[in-house]
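Hello,

My notes follow below it.

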Amino acid sequence: MNPPLGRDFDTALAAVMGDLAVEVDALHASLIEERLALDQGDAQALDAAGRTKGNLLDRIEKLDVERRQLDAAAGVDSLADPRWAPTVERLRECRGLNETNGRIVGQRMSHVRQALAVLSGEGPGGGTYGPNGVAKVKLRSATLAQV
């Protein structure tokens, strides 16, 4: 790599890595907000956190594409750059937060399904699966209360 290309590459790479670090930190904050919304049962805050998370993931993906394009143009692997390590560690933290949030959502969905099964007259574990692997839900209309 000749010196001008190296200097230009390093400047561009540092800028992209800086932008990535900012977006990843924002993603981390968004995942914490999502967790708080889950804990509080705040549907509006959860929706806002989900939208923010999606937008941040889109920006992170675009910046990573730019980083990989710089790598290809310069013939290097920026993942070996020590400046990248803090961002990778923060991404690992984000993955852990997202997995925890996902487990919470999954657990709550399971509770809702159980409640619906009780309301529809199904016993616990009474659901069956069709030949295509999709759960069969028997919905029957019943009066739950009369006024």
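Which residue caps the N-terminal end of α2? D42 does, with a side-chain oxygen 3.2 Å from the backbone nitrogen of Q44. Please keep in mind that this is a predicted model.

First, the overall layout. The protein chain has three helices and two strands. From the N terminus on, the order is α-α-α-β-β. Of the 147 residues in the protein chain, 24% are buried. The accessible surface is about 10200 Å², and carbon and sulfur atoms hold 57% of that. Take the contacts with a separation of 6 or more: 69% of them join residues 24 or more positions apart.

Next, helix α2. It covers residues 43-74, which is 32 residues. At 1.5 Å a residue, the helix should span 46 Å. Buried positions in α2 include A49, K53, L56, I60, L63 and D64. R67, L70, D71 and A74 are also buried there. Just after the helix, G75 takes a positive phi of about 70°.

Now R67, which lies in α2. Its relative accessibility is 4%, so R67 counts as buried, the cut-off being under 20%. Leaving aside residues up to four places away in sequence, R67 touches L13, V16, L20, S78, L79 and W84. R67 also lies over the face of W84, at 5.1 Å from the ring centre.

One last item, on aromatic pairs. A search of the whole structure finds zero.

Best wishes

How values were computed. Residues numbered from 1 in each chain as written. Predicted model: local features only at pLDDT ≥ 70, side-chain atom pairs only at ≥ 80, totals over all residues. Heavy atoms only, no water. Helix = DSSP H or I, 4+ residues; strand = E, 2+ residues; numbered from the N terminus. Expected span 1.5 Å × (residues − 1). Buried < 20%, exposed > 50% of the residue type's maximum accessible area, 1.4 Å probe, protein only. Polar contact = N/O pair within 3.5 Å; in protein donor to acceptor, adjacent residues only side chain to side chain. Contact = heavy atoms within 4.5 Å. Phe/Tyr/Trp six-rings, centres within 6.5 Å; stacked < 30°, edge-to-face > 60°. Lys NZ or Arg CZ within 6 Å of the ring centre and 35° of its normal. Areas by Shrake-Rupley, 256 points an atom, 1.4 Å probe, with all protein chains shown as cover.
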